[in-house]
Amino acid sequence: ALITGLSHLILTADTRIYRKFIEDCTNTARICPAMMGHLPTYDINIDADYSALIPLFLLEYYNYTADAAFLAEHLPTAEGIWAYYSGFLNEDGLLARIRHMPKVPQEVNILLVDWPQNLRDGYDNDAAFDSVCTPVNMLFYGFLKTLSALYGIVGDRERAAELEIQYTAMGNALI
């Protein structure tokens, strides 16, 4: 839906499919504040990587529609995602040892390292599950930076500034 919906939006300027995609994403917050990874579906699967993309979806929609009211309506979902994942921040300000909420089977992957094993240059996805997963932290750096920009668009300069402090600290920790 992300790729198809955005492609449809770009090719046709019809916002309906992409808007429905965003609404389907944010509606899963009633099941888990971290957002479902596959939707609409019966599958309870939550990928931190996909959750981190919600602000980007909203920004792309806004870029085509200038619908600040839609942004404001969906920012609480993004805040819920951050509230969930920020519970896994370590002392360095990076997300570490991310786990599913109790009602999600713990054996289901929450971290997606989406490239073949032979192209990972020795990156150990299993070790990342029990420590800091750099790709997920990079996505959440982008999550916070984009969320800050969205708050700027809707006129909440105070929240935008708070998020700027958080993403700057996370970026410094990543470096």
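# A tour of an all-helical predicted model

Begin by selecting Phe140 and Phe143, which lie three residues apart in helix α7 and are therefore separated by about one helical turn. Helices are DSSP runs of H or I with at least four residues, strands are runs of E with at least two, and both are numbered from the N terminus. Phe140 and Phe143 are both buried, where buried means under 20% relative accessible area, exposed over 50% and partly exposed in between, with a 1.4 Å probe and protein chains only.

The model is predicted, with local features requiring pLDDT of at least 70 and side-chain atom pairs counted only at pLDDT 80 or more, while totals for chains, interfaces and linings use all residues. Residues are numbered from 1 along each chain as its sequence is written, and side-chain values use heavy atoms, with hydrogens and water left out.

**The whole chain**

Colour the chain by pLDDT, the predictor's confidence in each residue on a scale from 0 to 100. The protein chain has an average of 85, and 82% of its residues score at least 70. Helix α8 (residues 157–174) has the highest confidence, with a mean of 97, and helix α6 (residues 125–129) the lowest, at 68. Where pLDDT is low, the predicted coordinates should not be read in detail.

Switch to a cartoon view: the protein chain has eight helices and zero strands. Of its 175 residues, 41% count as buried. Contacts are taken as heavy atoms within 4.5 Å; among those between residues at least 6 apart in sequence, 60% join residues at least 24 apart.

**Aromatic rings**

Next, display the side chains of Phe, Tyr and Trp. A search of the whole structure finds ten aromatic pairs. Rings (for Trp, the six-membered one) pair if their centres lie within 6.5 Å; planes under 30 degrees apart count as stacked, over 60 as edge-to-face and the rest as tilted.

Select Tyr18 and Phe21, a tilted pair with 5.9 Å from centre to centre and 40° between the planes. These two residues are three apart in helix α2, about one helical turn. Tyr18 is buried at 1% relative accessibility, and Phe21 is likewise buried at 10%. Now return to Phe140 and Phe143, whose ring centres are 5.2 Å apart with planes at 45°, so this pair is tilted.

**Helix α4**

Move to helix α4, residues 54–65. Its twelve residues should span 16 Å at 1.5 Å a residue, and the end C-alpha atoms are 17 Å apart, which agrees; the expected span is 1.5 Å times one less than the number of residues. Select Ile54, Pro55, Phe57, Leu58 and Tyr61, the buried residues of α4. They cover an arc of only 155° around the axis, and so lie on the same side of α4; the arc is that of the directions from the helix axis to the C-beta atoms. Among the elements covering these buried residues are α1 (2–12), α2 (16–27), α3 (48–51), α5 (68–86) and α7 (134–153). Just past α4, inspect Ala66, which takes a positive phi of about 60°.

Thr77 is buried, with a relative accessible area of 14%. Pro76, also in helix α5, is exposed at 52%. The C-alpha atoms of Pro76 and Thr26 are separated by 9.2 Å, although the two residues stand 50 apart along the chain.

**Cysteines**

Select Cys25 and then Cys133. Cys25 is buried, with a relative accessible area of 2%, and Cys133 is buried with a value of 2%. The search of the whole structure finds zero disulfides, counted as pairs of cysteine sulfur atoms within 2.5 Å.

**Helix α8**

Finish on α8, whose 18 residues reach 25 Å from first C-alpha to last, close to the 26 Å expected. Select Arg159, Ala160, Leu163, Tyr167, Met170 and Gly171, which are buried. Viewed down the axis of α8, the buried residues fall within an arc of 100°, so they line one face of the helix. Their cover includes α5 and α7.
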